[in-house]
Amino acid sequence: MTLRKSRRRPGARQQRGNALILALLALVVTGLAAATALEARQIEAKRASGLAEASVLEALRNAAQAAVYEHLNTIQQGQPIEKGGIVVTPSSETGELTWSPTVSQLRGMGYLPSEWSAIRSTLNDGPYRIAFHRIPAGCPPPACDVQGMVVLGAPVLDMGRTSAVDGVVIGPILTKAGADGGVSLPTAPATISGFHGTWTAPNPLAGNPPGVVAMRFGTQTGGFNQFVRVGDLRDPLLRGNLSAEGNLTVAGDATVRGAASFDGGVRVGPALDPCITAAPNGILTVRCSGLINSRDGIFQNELGNYSQVGPSGVSTSERINGFSGLQTASGSLFDRSDPSAIRSESGELFVRGPSGTLATLRAEGLFVPNALVSGSIHLTRAAEEGAACEEAVGSSPGIGLGVTADHSLTVCIGGRWIIGLRMSRAGASCAPDGMSATDLDDRQSLICRHGSFLRTSTLISNFTLINSMALNMSGGAVRVVKPICNSSGGRAAEALIILSPNNEDVPAVGSSTISGINRFAIDEGEAWTVVLERSSDRVPMAGNLIALVYCHYPS
């Protein structure tokens, strides 16, 4: 639907205007002629019905107008409008977005009384149709206007006579609507014409019947678009300064995109007792709850000294002065009156408890009079086996611990570093025989033998049982995966399999029921193929075998 103002050639303006007037006069004359043929009571009843219909159309026009004013910015952006959970989504008609709210939707949005039930006309049972769109076509959103119509969805005809346009009913509707009323005339049924050609719009009904009545609405209706009205929901977008001699009251939020200057300070809260005041001299006062909620707080003077308070803690370029110490939720710090507080004195840091000093941090290190409990201790002091070491630190005797380059743990005994826990690898050189160590790779125990570290497990037995399993041979040969045998001291280990019978089903050969049995495994690299067969003809046999899988470590 597109509303458009009438465009005429200068020389033909008066002629076309006269034609429309003559057409409207003809409609009125037709009404008068019809009136002469009706009784006065019937005429009055028709006029009353026209006035009643006009009030309904006017209420619908006002409701649609209110919806447009309230959602003007949204409509200009081409978006759906929503209120009270009801959404009206525009549809694209001939490339132009058109919003078509129903009467029920306007009522649900609160633009019509909640008890409103008029959805179809009592004149001709025609439905009320409401639609509006943006003008001009292709306008940038801030410059778009909105125009629409409330249309009676069926022509108003004199069904009692010749089914011609019923001017007796339409006349009061147009009179009440004024310049915003329009009708499709018999002389131009495809167009709905406003009074004196002030506006035109295409007839939205199929077949373009004459007698279709409409009322227009929109941001240009009545010529008031350029004025800001009382209760106006539009943003006036003032481009100059705004001055007010009196007070300014803002019911909603205020957004200031530039700088805001206050010569007399700022007050937040009750006028007589504000909770926050910002004085012109730079003093900020917070009363009421007294809380300041901020992600970060930075206090800086003209010399560049600052203190910062944030989620990660407090940092300052100067000192923190606490005359009585510092208190935290878990205890106090440097508080002389608290026997359990941490205290610093003469370059030493004392950690105290109810039983006295628990630990002392000095230049020589950390001193703990009792046991030191920790999830893990990382030693960084390098030690060399047999090198000199100090058994005491200062005046405190003790035993020193260190770590060698190969990660072995050392103990300072008799002024020399002694290996307490040796770390090495299988196959590494060693001396003397019998020396023990732990493998760095798999943490197995190692024994020095013939100048090389061997795994203790290989010395206890040449065969290490890895797995035992029962093999069901009823389906033929069975595949068994070899284990991974770790080497020991550079000597390669070998995977072995030993087969023994569990029960075997021996078929007869000729008249004899006794036959030899073959049980063997074929080496196929990563696995063995186990076979159970009769010796005489090598026919596969059913039965169960016991397989023992070993890793063999040669001496």
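I began with Arg61, which counts as buried at 9% relative accessibility (buried means under 20% relative accessible area, exposed over 50%, and partly exposed in between, with a 1.4 Å probe and protein chains only).

Before going further I noted that this is a predicted model, in which local features need pLDDT of at least 70 and side-chain atom pairs count only at pLDDT 80 or more, while totals for chains, interfaces and linings use all residues. Residues are numbered from 1 along each chain as its sequence is written, and side-chain values use heavy atoms, with hydrogens and water left out.

Entry: salt bridges. I looked up the partner of Arg61 and found a salt bridge with Asp180, at 3.3 Å from N to O (a salt bridge is a side-chain nitrogen of Lys or Arg within 4 Å of a carboxyl oxygen of Asp or Glu). Arg61 lies in helix α2 and Asp180 in the loop between α5 and β7 (181-185), so the pair ties together parts that are 119 residues apart in sequence; helices (H or I, at least four residues) and strands (E, at least two) are DSSP runs, numbered from the N terminus. Asp180 is buried as well, with a relative accessible area of 12%. Both residues belong to a network of salt bridges that also links Glu58, Lys176 and Arg216.

I then turned to Lys46, whose salt bridge with Asp166 has its closest N and O atoms 2.8 Å apart. Because Lys46 lies in helix α2 (residues 40-70) and Asp166 in the loop between β6 (145-152) and α5 (167-177), this pair ties together parts 120 residues apart in sequence. Lys46 and Asp166 are both buried.

A further pair is Arg422 with Glu385, at 3.2 Å between the closest N and O atoms. Here Arg422 is buried at 18% relative accessibility, whereas Glu385 is partly exposed at 45%. In total, the structure holds 13 salt bridges.

Entry: the sheet. I traced an open sheet of eight strands in the order β3-β4-β5-β6-β10-β7-β8-β9, with antiparallel pairing (two strands pair if DSSP finds at least two bridges between them). The strands β3 (91-93) and β9 (200-202) stand at the edges with a single partner strand each, so one side of each is left without a neighbour in the sheet. Within this sheet, strand β4 (residues 96-99) is joined to the antiparallel strand β5 (residues 128-135) by two bridges, and Thr98 has His133 in β5 as its bridge partner.
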